[in-house]
Amino acid sequence: MNQPHCDLAIIGGGPSGLAAAVYAASEGLKVTVIERAKLGGQAGQSAHIANYLGFSRGLSGKQLTSQAVKQAKSFGVHFESGDVAQLGNYAGMLTIETTDGRMFACRSVLLSTGVKYRRLNMPGSTLPGIFYGLNVETVHNYAHQTTVVLGGGNSAGQATVALRDAGSLVHLIARSPLSETMSKYLVDSIGESFHHAPIIKVTTIKSIVSDPEGLRLHLSDDTDLATSAVFVFYGAEPDLEWAGVLRDSRGYILTGPDVMSGWHVDRSPYAHETSTPGVFASGDVRHDTIKRISAATGDGAAAVAEIHQYVSLGMNSAK
């Protein structure tokens, strides 16, 4: 059995996982990051992030991810591609098994898997031209075409601004007024008059059908809308059935004091520690966290301080 050994295995290569990797490796821990899709997560798909500290002109998710990965590698972080099937324990070590049968052994684990965009559940939701998320390449592919963005959060706002600035005629469909769910800088940008302001509808969609020029949406206000593409940002949810840790009613990971009902170790859990000792969580996947890129990176860094204490305690106990 192939069992690469490390001090910390981070499952998920989004902003929180990458921040944790950089801080942990810079503190001398041997770190492996396991990502099942693309490094950067949802943030890596953002065409433009305007409110990230230190970048007055903003940057793309691709740029942020590229710099973070380079920084992590400079500290010796090892990256693996794989889909995790389950967590376990073998000979006193935490183990991670991937769907292709590989096994990783480590002293500690950080769950930073983020969340996935919720899939549409309606007729026509699997038609070509429906995307979950938006990257720079897709923005260019649909420049100067009619597009639809579904959602009222910051990710939807960033996508709307990117498509508009590329020359697209954007219809932004949200379930509530933008001021209730979106950062003010994005609300202000979406409302600006240069180029053309996106058309905002506060409603929902009933169905999607094929159209000679792309797609046609039937909205809850009984109007129809023709478009070349639909970009979905309707909420998000964790995908962690394999993790075996306590979670809340929506599937987010419980940590710290919230896991006491399932805690069976003669010490209190660390603030970022899950119901499984030595398994920590950070970023969007953790219960009751702020769903922002900067918050996710900070959460990853905070988790590392606790992980370092946990690993050091284990190593000292083994002496």
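Which residues in α4 meet which residues in α5? In this predicted model, the α4 side of the contact is made by Asn-154, Gly-157, Gln-158, Thr-160, Val-161 and Arg-164. They meet Tyr-185, Leu-186, Ser-189 and Ile-190 in α5. Sorted by class, the residues of this contact are 4 nonpolar, 5 polar and 1 charged.

Two packed helices are described by the angle between their axes and by the distance between those axes. Here α4 covers residues 154–165 and α5 covers residues 184–191. Their axes come within 10 Å and cross at roughly 30 degrees. Angles under 35 degrees count as roughly parallel, so α4 is roughly parallel to α5. The crossing in which α4 passes α5 is left-handed.

Rolling a probe the size of a water molecule over the atoms shows where empty space is left. How many cavities of 30 Å³ or more does a search of the whole structure find? The search finds 1. The largest cavity holds about 70 Å³ of space, and 11 residues line it. Of these, Gln-45, Ser-46, Leu-134, Ser-155 and Phe-233 lie nearest the centre of the cavity. Helix α4 gives the most to this lining, with 3 residues. By class, the lining of the largest cavity has 5 nonpolar and 6 polar residues, and no charged ones.

The largest share, 6 residues, comes from α2. What classes of residue make up the lining of the second largest pocket? There are 12 nonpolar and 8 polar residues in it, and no charged residues.

Definitions and conventions
Residues are numbered from 1 along each chain as its sequence is written. This is a predicted model: local features need pLDDT of at least 70, side-chain atom pairs count only at pLDDT 80 or more; totals for chains, interfaces and linings use all residues. Side-chain values use heavy atoms; hydrogens and water are left out. Axes are lines fitted to C-alpha atoms, for helices over the stretch in contact, and angles run from 0 to 180 degrees between N-to-C directions. Helices (H or I, at least four residues) and strands (E, at least two) are DSSP runs, numbered from the N terminus. Angles under 35 degrees count as roughly parallel, over 145 as roughly antiparallel, 65 to 115 as roughly perpendicular and the rest as oblique. A crossing is left-handed if the near helix is turned anticlockwise from the far one by less than a right angle, and right-handed if clockwise. Contact means heavy atoms within 4.5 Å. Ala, Val, Leu, Ile, Met, Phe, Trp, Tyr, Cys and Pro count as nonpolar, Asp, Glu, Lys and Arg as charged, and the others, Gly among them, as polar. On a 1 Å grid over the protein atoms alone, a cavity is a set of points where a 1.4 Å probe fits but cannot get out, and a pocket is an open set with protein on both sides within 12 Å along at least five of seven lines; lining residues have an atom within 4 Å of a point. Grid points are joined across faces, edges and corners, and a volume is the space filled by probe spheres set on the points.
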